[in-house]
Amino acid sequence: MYKKLLQTVLTSLITVALLFSCSKEKSTGKDNGQLLLNPGEPLVTDNFTADPSAHVFEGKLYIYPSHDIDTGVADSTDGSHYDMKDYHVYSITDFNSPVTDHGTVLKLEDIPWASKQLWAPDAAYKNGKYYFYFPAKDNDGLFRIGVATSDKPYGPFKPEPKPIEGSFSMDPALFIDDDESAYMYFGGLWGGQLESWLSGNYYPGGLGPKADEPAIGPRVVRMSNDMLGFDGPVKEISLLDEDGKPILAGDRERWFFEGAWVHKYKDTYYLSYSTGPTHLIVYATSDKPEGPFTYRGILLLPVSGWTTHHSTVEYNGQWYLFYHDSTMSEGKSHLRCIKYSPIKHNSDGTLELVK
Ligand code: FUB
């Protein structure tokens, strides 16, 4: 009988010790920086994902990426091989827990006006609703920007029957200022068709400025109160160098190409964007959301794959960069994976280069 009791006590002690060591292992992992979701590693491994727009909604980090697929379209400078057909939404509670995939939240076949190429999306919250913004080609082959709505940050999103009136080009990014004014930043060259809209109307085959002329700037527009349309004119953002002179179209390491994103830190607006063929994420600052913005430096060096596209977000007191590369497909430009890295604002207003 004593033997049996001793056995039971020993078994219980071993079980408690095992449980304790398991839970300790998790937190030890954290202490060693061995998170489940490590900086520089793919966040999603069962889908190809790109263009991550990150926001904090309802206390969680939500990521709104493109969903890359291989449809066999040949690589071309107009980007037709980025032939995406739906969107997923992902969320993260902390970097030591798995990423939640909220499934397909919007499909091409459900968008009445769109014909193909669901490119880089973004989301915003206002008026108790979530708004999902996305570019797609219409039936005439022109990129337009659409909006879809939901009561939840993770959708599903119901698309409006038509694209946003007056929208063109691609890569919408929404920024809501402290006074609740909402702005959309958008635009992209080459496949993004921005060169063809310089006169305000679509002019096919637009070549853009010469190398010694000011580069094309991203576009900014105020959103209407219902977030479904533009309120006022679409403006071009001026990008200046440290001497107050325009960044030139031939300055390929500083010119704007695509993927504009704005965040605010201590009253300064940071506009970051991709330089396209030089594959950098660079940034410029301003004291106004519509600029002019002054170039400040490089945030992210070239990554594997042709495109680079990112967002920045503050979560639980830490700033993060979300970006993509093509490591998961061994370099295929249209099959990308989203990643993250912590980032830092320096005391002189610059951003630390991501290592
Ligand atoms: O994902 C398709 C396009 O590639 C995006 O809209 C661009 O920013 C580039 O990442």
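Colleague: Which residue is the bridge partner of K264 in β16?
Modeller: This is a predicted model, in which local features need pLDDT of at least 70, side-chain atom pairs count only at pLDDT 80 or more, and totals for chains, interfaces and linings use all residues. Residues are numbered from 1 along each chain as its sequence is written, and side-chain values use heavy atoms, with hydrogens and water left out. Strands here are DSSP runs of E of at least two residues, numbered from the N terminus, and two of them pair if DSSP finds at least two bridges between them. β15 and β16 run antiparallel and are joined by six bridges; in β16, the partner of K264 is Y269.

Colleague: Which strands stand at the edges of the open sheet?
Modeller: The sheet has five strands in the order β14-β18-β17-β16-β15, with mixed pairing. Two of these strands have a single partner each, so one side of each is left without a neighbour in the sheet. They are β14 and β15.

Colleague: How far apart in sequence are the parts tied together by F256 and Y273?
Modeller: Rings of Phe, Tyr and Trp (its six-membered ring) pair if their centres lie within 6.5 Å; planes under 30 degrees apart count as stacked, over 60 as edge-to-face and the rest as tilted. F256 and Y273 are 5.7 Å apart centre to centre with 65° between the planes, an edge-to-face pair. F256 lies in the loop between β14 (239-240) and β15 (258-265) and Y273 in strand β16 (residues 268-274), so the parts tied together are apart in sequence by 17 residues.

Colleague: Is W197 buried or exposed?
Modeller: Buried means under 20% relative accessible area, exposed over 50%, and partly exposed in between (1.4 Å probe, protein chains only). Y202 has a relative accessible area of 30% and is partly exposed. The relative accessible area of W197 is 7%, so W197 is buried.

Colleague: Which ring has the charged end of R252 over it?
Modeller: A charge sits over a ring if NZ of Lys or CZ of Arg is within 6 Å of the ring centre and within 35 degrees of the ring normal. For R252 the distance from the ring centre is 3.9 Å, and the ring is that of W255.

Colleague: How far from E195 is the nearest side chain of opposite charge?
Modeller: Lys and Arg count as positive and Asp and Glu as negative, with His and the chain ends not counted. A salt bridge is a side-chain nitrogen of Lys or Arg within 4 Å of a carboxyl oxygen of Asp or Glu. E195 is buried yet has no salt bridge, and the nearest side chain of opposite charge, R252, lies at 7.7 Å.

Notes. Helix = DSSP H or I, 4+ residues; strand = E, 2+ residues; numbered from the N terminus.
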